[in-house]
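Visitor: Before we use any structural term here, could you set each one against its definition and show how the conclusion follows?

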Amino acid sequence: MIKISITGVAQTIDKIERLKDQIKTKAMVSALNKTATQTKNLAARLIRKGYLVKSEDLKDKIVIQKASKNRLTAMVISKKKGGGIQLTKYSARMTRKGLSVKVKRSGGRSIIPGAFIGKDTAFIRTGEKTHAPKQGYWAGKTIKRGERKGQPILRQRLKKLYGPSIADLMGSKEIETQLIKFANTKVVEIFMNEIRFYMKREFNQ
């Protein structure tokens, strides 16, 4: 007769219970947050691969909302606050036809007639000549002759020009599709690695 028995059943059950709790809290939370970090890094790489933006332009524009044991969801968020990136960041240069910019790495450049590079950014004049500038060359300038002699020289208002924001780029169909596919695959892979880690630690003590 061969008798087979399992020793330490109570201790094994205790370990399984502890492991279950670790999987529900530590393993899942860790997998979600690690996946979010890797997804954020991939988003930055994909944006820089497709668009002429510098890494410094991405800084603090893509953030992670971490998961916790009370909220088993992590999010990678591209901030919309602050609007688009200044157009001068997109390889801007003046030409005879207007301001030339290049947003995507592939393809040609775009010309914006009437736009120009001013202090810190690009501008274009807009609307009627009803504005008396308080700064710049025309500030304080008055008409020298005629019926309106002595009155301020009126100019069009200046409008700052912006290119796509990081939120726009990250939310493009091409990039968003890749990020969703990556995150859905990666979270399972990392979660399984986390489970193996906690199983090994619990049962090899």
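**Values and definitions**

Guide: Taking contacts as heavy atoms within 4.5 Å, 61% of those in the chain between residues at least 6 apart in sequence join residues at least 24 apart. The model is predicted, so local features need pLDDT of at least 70 and side-chain atom pairs count only at pLDDT 80 or more, whereas totals for chains, interfaces and linings use all residues. Residues are numbered from 1 along each chain as its sequence is written, and side-chain values use heavy atoms, with hydrogens and water left out.

Visitor: How many helices and strands does the chain have, and which pattern does the chain follow along the sequence?

Guide: There are four helices and eight strands, where helices (H or I, at least four residues) and strands (E, at least two) are DSSP runs numbered from the N terminus. Read in sequence order, they give α-α-β-β-β-β-β-β-β-β-α-α.

Visitor: Why does Thr-39 count as buried?

Guide: Buried means under 20% relative accessible area, exposed means over 50%, and partly exposed lies in between (1.4 Å probe, protein chains only). Thr-39 has 7% relative accessibility and therefore counts as buried. This residue lies in helix α1, residues 9–50, and, with residues up to four places away in sequence not counted, Thr-39 touches Val-76, Leu-179, Phe-182 and Ala-183. In the chain of 205 residues, buried residues make up 27%.

Visitor: What makes Lys-34 and Glu-194 a salt bridge?

Guide: The term requires a side-chain nitrogen of Lys or Arg within 4 Å of a carboxyl oxygen of Asp or Glu. The closest N and O atoms of Lys-34 and Glu-194 are 2.7 Å apart, and the pair forms a salt bridge. Lys-34 in helix α1 and Glu-194 in helix α4 (residues 173–203) are 160 residues apart, and the pair links distant parts of the chain. Lys-34 counts as partly exposed, because its relative accessibility is 42%, whereas Glu-194, at 8%, counts as buried.

Visitor: How many salt bridges does a search of the whole structure find?

Guide: The search finds three. In one of them Lys-89 is joined to Asp-57, with the closest N and O atoms 3.7 Å apart. That pair, too, links distant parts of the chain, since Lys-89 is in the loop between β2 (75–78) and β3 while Asp-57 is in helix α2 (residues 55–58), 32 residues away. Lys-89 is partly exposed at a relative accessible area of 37%, and Asp-57, at 9% relative accessibility, counts as buried. Another joins Glu-189 to Lys-186, the closest N and O atoms being 3.3 Å apart; these two residues both lie in helix α4, three residues apart, about one turn of the helix. Glu-189 is partly exposed at 41%, whereas Lys-186 is buried at 17%.

Visitor: How do you know that β3 and β4 pair?

Guide: Two strands pair if DSSP finds at least two bridges between them. Strand β3 (residues 93–95) and strand β4 (residues 98–101) have three bridges in the antiparallel sense, and therefore pair. Thr-95 has Gly-98 of β4 as its bridge partner, and a hairpin of two residues joins β3 to β4. Strand β4 is also joined by three bridges to β5 (residues 110–112), again antiparallel, with Val-101 opposite Ser-110 in β5.

Visitor: Why is one side of β6 and of β8 left without a neighbour in the sheet?

Guide: The open sheet of three strands has the order β6-β7-β8, with antiparallel pairing. Strands β6 (115–117) and β8 (155–161) stand at its edges with a single partner strand each, so one side of each has no neighbour in the sheet. On average, neighbouring strands here are turned by 45° against each other, direction ignored. Three bridges join β6 to β7 (residues 122–131), and Ala-115 stands opposite Ile-124 in β7.

Visitor: What makes Thr-130 exposed?

Guide: Thr-130, in strand β7, has a relative accessible area of 59% and is therefore exposed. Leaving aside neighbours within four places in sequence, Thr-130 is in contact with Leu-154 and Arg-155. Thr-130 and Gln-156 are 26 residues apart in sequence, while their C-alpha atoms are 6.3 Å apart in space.

Note on methods. Axes fitted to C-alpha atoms, helices over the stretch in contact; angles between N-to-C directions.
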